[in-house]
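My notes follow, in the order I looked things up.

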Amino acid sequence: MLKMTKTIIKLTVRDVRFPTSLEQHGSDAMHTDPDYSVAYVVIETDQGMQGYGLTFTVGRGTEIVVCAVEALSALVVGKSLEEIVSDFRGFYRLLTSDGQMRWIGPEKGVIQLATAAVLNAVWDLWARSEGKDPRKLISCIDFRYITDALTEEEALDILVKAQTGKQQRVDQMLKEGYPAYTTSCAWLGYSDQLLKQLCTDALNDGWTKFKVKVGADLKDDIRRCSLIRQMIGPHNTLMIDANQRWDVGEAITWVTRLAEYKPLWIEEPTSPDDILGHAAISKALAPLGIGVATGEQCHNRVMFKQFLQASALQFVQIDSCRLGSVNENLAVLLMAHKFKVPVCPHAGGVGLCELVQHLILFDYISVSASLDNRMCEFVDHLHQHFRSPVVIQNAHYMPPKDPGYSCEMLESSVQTHQYPQGQVWKKLQ
């Protein structure tokens, strides 16, 4: 059992990048050459314990997030873990509402990415202790600005009701795992030959749900969607993702042309900030049986609140590093449950799968108690750089066994890929 009197005496942050653009891993219609990267945070206590956290980026700009983490570090160092978690809501607000740094947010952009990295490290440290009762979890959430959609009393009621059948769901997850879908087969920069090979391999490994990147060229999208639908057959699930490429009218027209391939959803069809635009797209595509999914670049709980209130999305895609860590993701999970919208997290990148598996398992076990229309994204890149990488069996996330938040990286990987002085980057200069 963790003794929470430990005081945080040091916070370090490093810029770690992987040259994934060399092989077009992660390429989409908007981000054509991503180098998957993290701002990697380690907090240390006076008794030798460490907590690990990160936030995901795609290369250039990671150094800016590192600067933001360093700016926040003064609010963290010197505090004990007990002091933080005894008023976690207050600590969250301390980071997000600093009287001066709040101006470069608030609760959005680089400063929120930095907040996520710091809080992820704190959760990793805290997760080594045992047991979280519902009231303790509720005390971690900042309900400011969302009480018109979800009150603290409603949130507690959801968690209390979900206690029924909880152990059976735990046992089920330990045995079967949480259903996943793959994005690894159809990055936009992949050749048809590679797409076919990866799709064949995935089918042989038991995958039944596939996502395809679209949005750069309609004729090319028609060809690629036709190809992958032929590969996976009529009964497996297909999703498409435009990564914010279109205007509203363009999105409706484009997706209508792709409707014959029976996509379950179109992901990020337009600007991630355009709530009413998403609502218009949702309304137009509903007769075609195509939902709208978004959230990986949704700034904060307030935007999710409005998406839900406006019926602007049919699938909520939380992100473990875009929002303010577990604290803010808890608020979104609870709001999604109240509005009866399934949660299908965004993952991939560097460490996102490792982090988000905890959130989606919690959603099923302690919030929604449902697997209807629910799945978690999986991308098969860079897991070998983590001390406790995700485990996928039969296209399902198996619950992690090691304590913590699963985002501790191998020190050798950090040093090799640290930018710009790591060996990998020196060779590429």
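Predicted model: local features only at pLDDT ≥ 70, side-chain atom pairs only at ≥ 80, totals over all residues.

**Domains**

Residues are numbered from 1 along each chain as its sequence is written, and side-chain values use heavy atoms, with hydrogens and water left out.

**Where the domains meet**

I asked how many residues of domain 1 are in contact with domain 2. I got 40 residues of domain 1 against 44 residues of domain 2, where contact means heavy atoms within 4.5 Å. About 3400 Å² is buried between the two domains, and carbon and sulfur atoms give 60% of that. Buried area here is the accessible area (1.4 Å probe) that two parts lose on being put together, summed over both.

I counted two salt bridges between domain 1 and domain 2. A salt bridge needs a side-chain nitrogen of Lys or Arg within 4 Å of a carboxyl oxygen of Asp or Glu. I also noted a salt bridge between the side chains of glutamate 411 and arginine 14, at 2.8 Å, N to O.

Which elements supply the side of domain 1 that touches domain 2? I listed strands E1 (8-17), E2 (37-45) and E3 (50-57), plus helices H3 (88-96), H4 (109-126) and H15 (411-417), each with at least two residues there. Helices (H or I, at least four residues) and strands (E, at least two) are DSSP runs, numbered from the N terminus. H4 gives the largest share, eight residues.

By class, I have 18 nonpolar, 15 polar and seven charged residues on that side of domain 1. Ala, Val, Leu, Ile, Met, Phe, Trp, Tyr, Cys and Pro count as nonpolar, Asp, Glu, Lys and Arg as charged, and the others, Gly among them, as polar.

**Glutamine 112**

I picked glutamine 112, which is found in H4. Is glutamine 112 buried or exposed? Its relative accessibility is 2%, so glutamine 112 counts as buried; buried means under 20% relative accessible area, exposed over 50%, and partly exposed in between (1.4 Å probe, protein chains only). Leaving out residues up to four places away in sequence, glutamine 112 touches several residues, including Tyr92, Thr96, His299 and Arg322.

**Helices H12 and H11**

Seven of the nine residues of helix H12 (residues 301-309) are buried, so H12 is largely enclosed by the rest of the structure. Among the buried ones I saw Arg301, Met303 and Lys305. The cover over them includes H3, helix H11 (275-285), strand E8 (291-294), strand E9 (315-316) and helix H13 (325-338). At the N-terminal end of H12, asparagine 300 is the cap, with a side-chain oxygen 3.1 Å from the backbone nitrogen of valine 302.

I then checked H11, where the buried residues pack against H10, E7, E8 and H12. At its start, a side-chain oxygen of aspartate 274 comes to within 2.7 Å of the backbone nitrogen of glycine 277.

Most residues other than glycine have a negative phi, and most peptide bonds are trans. I noted these exceptions:

- Serine 311, in the loop between H12 and E9, has a positive phi of about 50 degrees.
- Lysine 262 has phi near 55 degrees and is exposed, with a relative accessible area of 62%.
- The bond from glycine 105 to proline 106 is cis, with omega near -15 degrees; proline 106 is in the loop between H3 and H4.
- Tyrosine 419 and proline 420 are also joined by a cis peptide bond, omega about 5 degrees.

Terms used
Polar contact = N/O pair within 3.5 Å; in protein donor to acceptor, adjacent residues only side chain to side chain.
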